[in-house]
Amino acid sequence: MKTIAVIGAGTMGNGIAHTFAQSGFTVKLIDVSEKSLDKGMATIAANLDRMLSKGTITQEEVTKTITNIITYTDIKDGVVGVDLVVEAATENVELKLNIFKQLNEACSHNTILATNTSSISITQIGAVVAHPERVIGMHFMNPVPIMKLVEIIRGYNTSDEVTKTIMGLSVKLGKVPVEVNDYPGFVANRILMPMLNEAIETLYNKVAGVYEIDTVMKLGMGHPMGPLQLADFIGLDVCLAILNVMYDGFKNPKYAPCPLLVNMVRAGKLGVKSGEGFYDYSESKKAEKISKQFILS
């Protein structure tokens with residue numbers, strides 16, 4: 001593989017594009033919004049500069065990484081001649097199905113189609129394209145350039161050959177791929193999201209405050225970040241979407257989102273992305289203070 005298309009220039013999309021480009025691949029970063037593409041490229045440049053200042057990469061590597069990325073606002077133009085597409089759009093079933101229907105029309109039948117979904121069925125996504133054996137889950141962790149894990153999710157029809165190819169590709173990216181099967185939430189979020197939801201329930205039931213809950217889990221359980229702050233960084237809307245997928249998939253009340261989470265999302269308090277969640281990120285000094293206090297470096 002030499003050329004990769006990444007759909008979505010948001011947090012996950014630009015991180016995936018950065019990772020492939022830094023590993024020497026030509027990357028076509030696709031988003032319907034020119035503004036989102038500009039913001040995504042600015043994020044990649046800032047992250048590369050941070051790595052450069054720490055001495056982990058050279059100026060030549062920075063330049064090559066940026067040069068390896070080409071931006072597009074049209075899927076049909078962006079996927080021409082690519083070996084792999086990684087979809088990293090918002091965690092919404094209908095949106096993803098629509099994208100994969102477009103990919104089915106625009107891509108060669110030999111193109112591997114991967115999704116970065118953190119909970120949605122790979123089998124369901126694969127059902128809307130011809131040759132569903134080429135559809136696979138490639139769930140990166142945030143921040144993508146730093147986190148080593150990639151969940152590789154096989155749909156019901158995903159072939160052994162495609163799975164082997166994507167496992168090997170992940171290793172070339174410097175990641176550690178782990179193969180899992182296609183059930184709601186897979187492994188990472190099936191375990192993580194109920195824990196975050198329980199932390200929100202603990203706050204909702206007034207057992208303890210935000211700082212207290214996060215401190216107990218950091219200092220008592222050795223977590224690098226408290227669950228409420230982690231939820232803020234993931235995005236409360238994303239947490240809610242994943243919990244809803246698992247609740248719908250398993251029909252088990254233990255996956256039902258806490259009412260506090262539902263109300264915060266309705267109110268637009270989505271975490272870091274909106275400037276406020278369980279913590280207030282609207283003031284840079286306050287956000288910096290929280291980061292120093294609650295994230296172990």
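Here is a short walk through the sheet of this structure and the helices that go with it. Please keep in mind that the model is predicted.

Let us begin with the sheet as a whole. It is open and has 8 strands, arranged in the order β3-β2-β1-β4-β5-β6-β7-β8, and its pairing is mixed. At the edges lie β3 (69-72) and β8 (176-181), each of which pairs on one side only. From one strand to the next, the twist averages 25 degrees. As background, strands of a sheet pair through backbone hydrogen bonds, and they can do this in a parallel or antiparallel way.

Now step inside, to strand β1, which covers residues 3-7 and pairs in the parallel sense with β4, residues 84-87, over 4 bridges. To find this pairing in the model, look for Val6, whose bridge partner in β4 is Val86. Helix α1 (residues 11-22) packs on the sheet, where it touches β1, β2 (26-30), β3, β4 and β6 (135-140). The direction of α1 makes about 165 degrees with that of β2.

Strand β5 itself spans residues 112-115. Which way do its side chains point? Ile112 and Ala114 point one way, Leu113 and Thr115 point the other way, and all are buried. On the way to the next strand, β5 pairs with β6 in the parallel sense over 3 bridges, and Thr115 stands opposite Gly137 in β6.

Key: Residues numbered from 1 in each chain as written. Predicted model: local features only at pLDDT ≥ 70, side-chain atom pairs only at ≥ 80, totals over all residues. Heavy atoms only, no water. Pairing = 2+ DSSP bridges. Helix = DSSP H or I, 4+ residues; strand = E, 2+ residues; numbered from the N terminus. Axes fitted to C-alpha atoms, helices over the stretch in contact; angles between N-to-C directions. Contact = heavy atoms within 4.5 Å. Buried < 20%, exposed > 50% of the residue type's maximum accessible area, 1.4 Å probe, protein only.
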